[in-house]
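The exercises below concern aromatic ring pairs and nonpolar cores. Please work through each task with the coordinates open before reading the solution that follows it.

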Amino acid sequence: MIIGIIGLGLIGGSLAKSIKAKTLHTVFATDTDEQTMTMAKLCGALDENLTSENISRCDLLFLAVKPSLAIECIKTRAKEISSNTVVIDLCGIKRAVCEKVYPIAHENGFVFIGGHPMAGKERSGFVNSTADLFDQASIILTPEFENGLSIDILDKLKSFFIDVGFSSVIFARPEEHDRIIAYTSQLAHVISSAYVKSPDALKRRGFSAGSFRDMTRVARLDEKLWTELFLCNRDFLIEQIEILLKNTNEYLDALKNNDAEKLEALLREGREMKALAGGN
């Protein structure tokens, strides 16, 4: 297959590298940064530049850019995309993209599916991309179920994602994705960013170990990207922050009241919930 990729940052660059390292597919790619394009060519991550002339040859076209740019790309290139091309965005939120792009895909006769690879790093850019970023990760796809998407397309996508390293493909509706991702990803970024602002963070050397590293790792974020992601999903993220504040205040009250029994109960509930939730 010919795989098109728009955007060669951490996600798009890793996708290009994994395709070239693990499959025989051809990669057409583009990025607005000339240095990134040069690095991608030198390391063999792409076969040709993705252009207006060859975009119609793509079997799969991935949009690895922030949501507003993904929508704009589809609007400006819709007439160039073949009806045989399946277009997938790789943004961290789904409702804001899918609601705008589904109608454009209908009007122009191509298939659009929302996508979100559950993999990443705290450092962005092509320079940090790797061919193994997606190994053993899941990818969430949000097809337009009401539009009768063919099983053949879904099977082709599942095979492709498994080939490039993903361990599973999960299907969800855009709203379900955004509700859960507000908790599993966005809330964690809010907490990390807020936590590291303590004045004691500057005094922590020699006093910190794994807990500090785990809590602060994702504070190294791209503030422009994450502002857009947060605002696109503000309803669900607000809900999760409010739940967190309520739960945190219970610990605060127990401490203020010197209530060992209540504090122990809260900690036990947390431990038991972690066991039920599973994971490392």
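**Exercise 1.** Which residues do ring pairs link into a cluster?

*Solution.* The model to be inspected is a predicted one, and 8 aromatic pairs are found in it. Ring pairs join Phe62, Phe134, Phe160, Phe161 and Phe166 into a cluster.

**Exercise 2.** Classify the geometry of the pair formed by Phe134 and Phe166, then locate both residues in the chain and decide whether each is buried or exposed.

*Solution.* Step one is the geometry: the ring centres of Phe134 and Phe166 lie 4.8 Å apart and the planes meet at 20°, and because planes under 30 degrees apart count as stacked, the pair is stacked. Step two is the location: Phe134 belongs to the loop between β6 (111-117) and β7 (138-142), while Phe166 belongs to the loop between α5 (151-163) and β8 (168-171), so that the pair links distant parts of the chain, 32 residues apart. Step three is accessibility, for which the cut-off for buried is under 20% relative accessible area: Phe134, at 1%, is buried, and Phe166, at 4%, is buried as well.

**Exercise 3.** Carry out the corresponding analysis for Tyr195 and Phe212.

*Solution.* The centres of the Tyr195 and Phe212 rings are 6.2 Å apart with the planes at 50°, and therefore the pair is tilted. Tyr195 lies in helix α6 (residues 174-195) and Phe212 in helix α7 (residues 210-216), which places the two partners 17 residues apart in distant parts of the chain. As for accessibility, Tyr195 is partly exposed, with a relative accessibility of 37%, whereas Phe212 is buried, with 14%.

**Exercise 4.** Which residues of the largest nonpolar core touch the most other members, and which element gives the largest share of this core?

*Solution.* The largest nonpolar core holds 34 residues, of which Ile5, Leu8, Phe62, Leu157, Phe160 and Phe161 touch the most other members. Among the elements that give two or more residues to this core are β1 (2-6), α1 (10-22), β4 (60-63), β7 and α5, and the largest share, 5 residues, comes from α1. Leaving aside residues up to four places away in sequence, Phe161 touches Phe62, Ile88, Ile139, Leu141, Phe166 and Val169.

**Exercise 5.** Over which ring does the charged end of Lys17 sit?

*Solution.* The charged end of Lys17 sits over the ring of Phe126, at 4.4 Å from the centre of that ring.

Definitions and conventions. Residues are numbered from 1 along each chain as its sequence is written. This is a predicted model: local features need pLDDT of at least 70, side-chain atom pairs count only at pLDDT 80 or more; totals for chains, interfaces and linings use all residues. Side-chain values use heavy atoms; hydrogens and water are left out. Rings of Phe, Tyr and Trp (its six-membered ring) pair if their centres lie within 6.5 Å; planes under 30 degrees apart count as stacked, over 60 as edge-to-face and the rest as tilted. Helices (H or I, at least four residues) and strands (E, at least two) are DSSP runs, numbered from the N terminus. Buried means under 20% relative accessible area, exposed over 50%, partly exposed in between (1.4 Å probe, protein chains only). A charge sits over a ring if NZ of Lys or CZ of Arg is within 6 Å of the ring centre and within 35 degrees of the ring normal. A nonpolar core is a set of buried Ala, Val, Leu, Ile, Met, Phe, Trp, Tyr and Cys residues joined through side-chain atoms within 4.5 Å. Contact means heavy atoms within 4.5 Å.
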